[in-house]
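I opened the model to look up a few places in it. My entries follow the display.

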Amino acid sequence: MSRTSLSLRLFLLSVLLLVGLGTGWGFFLDRSLQNELLEREDTRLLEHAQVVRVLLEASSDADLDALTDRVAAASHTRVSIVDPQGWVKGDSELNVAELAALEQHQSRPEIQRAMAGQIGHSSRFSATLHQEMRYLAIPAPRGGQTWVVRSSAPLTQIEGALSKQRRTLFLTGLSGLAMALLMSGIASWQAGSVVEQILIRTHAETIKSAPRPGQNAAEALENAVRSLAQERDRFQAVLESLDVAVVAVNQDRKIALVNSAAQRLLRLGEESIGTPLLTALPLPEVRDLLDDEDDRDDDETEVIELELPGATVVQLQATRATTGTVLLFQDVTRLRRLESMRRDFVGNVSHELRTPVAIIRANAETLLDEAIDDGPEPTRMLVGATLRSAKRLGNLITDLLEISRIEAGKMPVRLEALTLANTLAAIQEPMEQLSEDRGVAMETSLVPPDLKLFADPKALQTVLSNLITNGLKYTPAPGQVSLKATVGERTVRIEVHDSGPGIAPEHHDRVFERFYRVDKGRSREVGGTGLGLSIVKHMVRAMNGTLGLQDSEELGGACFWIELPKA
Ligand code: ADP
């Protein structure tokens, strides 16, 4: 509907209302005015009748007509006196002879009422005066009998006043109506624009469900139900095609929905719907997860891994919905089995390679020692290269074995109170050797001698030696690596600074990943494996610690830090 036709409709509606109301109000005012004028006329007529009544008692029969003439002349009112039998004995408009020809008046309504002792009113056409008259009659006692005094006046006076008032009323009403119509026209135009905006906004949403021309409400309802059913079928089809088991629970933790993957994986049949989830699936991990979910304020979803009866490993994710929680169970048994196979394979191969590589390394060392003086130059070069490769291979095997032990959970950490200086002393020798070989100074004076922390002694040694070794390896000579330790509220912070090239910020997040190298060439050159920092991360976390990397403000290179519980 266009804005113009909308506004026109609103305007016509308001015209109808205004004209209806105006006419009704006009009729009411006219009636009230007419009544008011009649009342006033009646009061005036009553006053004159009362004057005649007073005079009537003392007047003789012969004076009655003269009495009416006198009062009428003074009051511009026709006055009549009627005896108890209804004969008119005096009338200001008729002389005595005419009176005699008059008929009895007791049938007149106002006379009848006055005879009954009340005030009588009547409006009617007077046959005597040939015009519409207003009559008022009152009872008047005379000689022990009830006479009637009647005063009357032509209605033309009232009509005149009334039509004058009506004209004023009509003109006022008309101008009021014109004003009201003008204002309503403006308001309709504006309202039309507002409604049009609302219609435009809602049109897009309602167009699908709104009945089209010629379509009735029943049809529209049927269409809506059909499209809802289609939506439901589509949703069901998607849900059923999922590999992931979906279980929705309501706020009472009763099962509201299970898809077929859930029926297979968790053995929850259709009959489980409506039963409490923890009865159908009595797993403490699920209960804890739901409790956590209830306590949580944010929208994050928690993912846990658990083993179901029958050695099925599932990853469980809970997402809160408006009317409950949706639980997603993903079967990761195969994935975990493959991971374990890979770990075992890497572990076994590394183990098998360790001995032959150690033998190659030892033989190469012996050969190099013996050949150094008297062997030919090419032989010395070949043996030297063999020894370097054997060392790198040995490092890689050591790291691989370490990491597969950690991943397999075969590296239990035992936390105990340690003095950091003692741990450093245990790795001092190889570190000093490397420092000397690399021409990079090592500084440990910023480590308080009595500082204690909770850690696994072997794991902490591995962590520190990895970080210090990296500093010494990647810092060109003459450089510096320095250790700093500070005590916080609950933790001890150990920082390893170096004056080397540092690590660009874009690599900071990734250097702790397995086999991630920032500078591949340099890493290979210094015998790196790409596994050192990954081992550090696993061990620090296993000891309930945190770690990170930042630029070293003191020495300009990299600064690796770890925080562990203080003792
Ligand atoms: P790698 O055995 O190669 O040293 P890491 O896991 O210990 O493996 O380190 C990952 C990569 O991070 C290294 O290859 C190196 O490029 C970079 N890196 C580690 N420590 C430092 C450091 N102190 N200065 C510069 N680069 C470093």
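**Entry: a loop residue**

Which residues does T128 touch, not counting residues up to four places away in sequence? I found R78 and L94, where contact means heavy atoms within 4.5 Å. T128 and L94 are 34 residues apart in sequence, and their C-alpha atoms are 9.2 Å apart in space. T128 is found in the loop between β3 (120-126) and β4 (131-142). Helices (H or I, at least four residues) and strands (E, at least two) are DSSP runs, numbered from the N terminus. I read a relative accessible area of 35% for T128, which is therefore partly exposed. The classes are buried, under 20% relative accessible area, exposed, over 50%, and partly exposed in between (1.4 Å probe, protein chains only).

**Entry: what I am reading**

This is a predicted model, in which local features need pLDDT of at least 70 and side-chain atom pairs count only at pLDDT 80 or more, while totals for chains, interfaces and linings use all residues. Residues are numbered from 1 along each chain as its sequence is written, and side-chain values use heavy atoms, with hydrogens and water left out.

**Entry: the ligand**

I looked up the residues around the ligand and found 19, of which N470, Y474, S523, T529 and L533 come nearest. A residue is near a molecule if one of its heavy atoms lies within 4 Å of it. I then went through the polar contacts (pairs of N or O atoms within 3.5 Å; within protein, one must be able to donate a hydrogen and the other to accept it, and residues adjacent in sequence count only if both atoms are side-chain atoms). K473 has a polar side-chain atom 3.4 Å from an oxygen atom of the ligand. For Y474, a polar side-chain atom lies 2.7 Å from a ligand oxygen atom. L533 brings a backbone N or O atom to 2.8 Å from an oxygen atom of the ligand. The protein covers 97% of the 530 Å² of accessible area that the ligand has on its own, by the Shrake-Rupley method with a 1.4 Å probe.

Which elements give two or more residues to the shell around the ligand? They are α13 (457-474) and α15 (532-542). The largest share, four residues, comes from α13.

I also looked at N466, which lies in helix α13. N466 counts as buried because its relative accessibility is 16%. Leaving aside neighbours within four places in sequence, N466 is in contact with G532, I535 and V536.

**Entry: helix α12**

Where does α12 (residues 420-438) kink? I found a kink of about 55° at Q428, shortly before the proline P430. The bend at a residue is the angle between axes fitted to the seven residues ending there and the seven starting there. The buried residues of α12 are L420, T423, L424, I427, M431 and S435. They pack against β11 (416-419), β12 (440-446), β13 (452-455), α13, β14 and β15. G439 follows α12 and has a positive phi, near 70°.

I noted a cis peptide bond between A477 and P478, with omega about -10°. P478 lies in the loop between α13 and β14 (479-487).

R253 is a residue other than glycine with a positive phi, near 65°. R253 is found in the loop between β6 (245-250) and β7 (255-258).

F515 is not a glycine either, and its phi is positive, about 65°. F515 sits in the loop between β15 (491-498) and α14 (520-525). I logged F515 as partly exposed because its relative accessibility is 47%.
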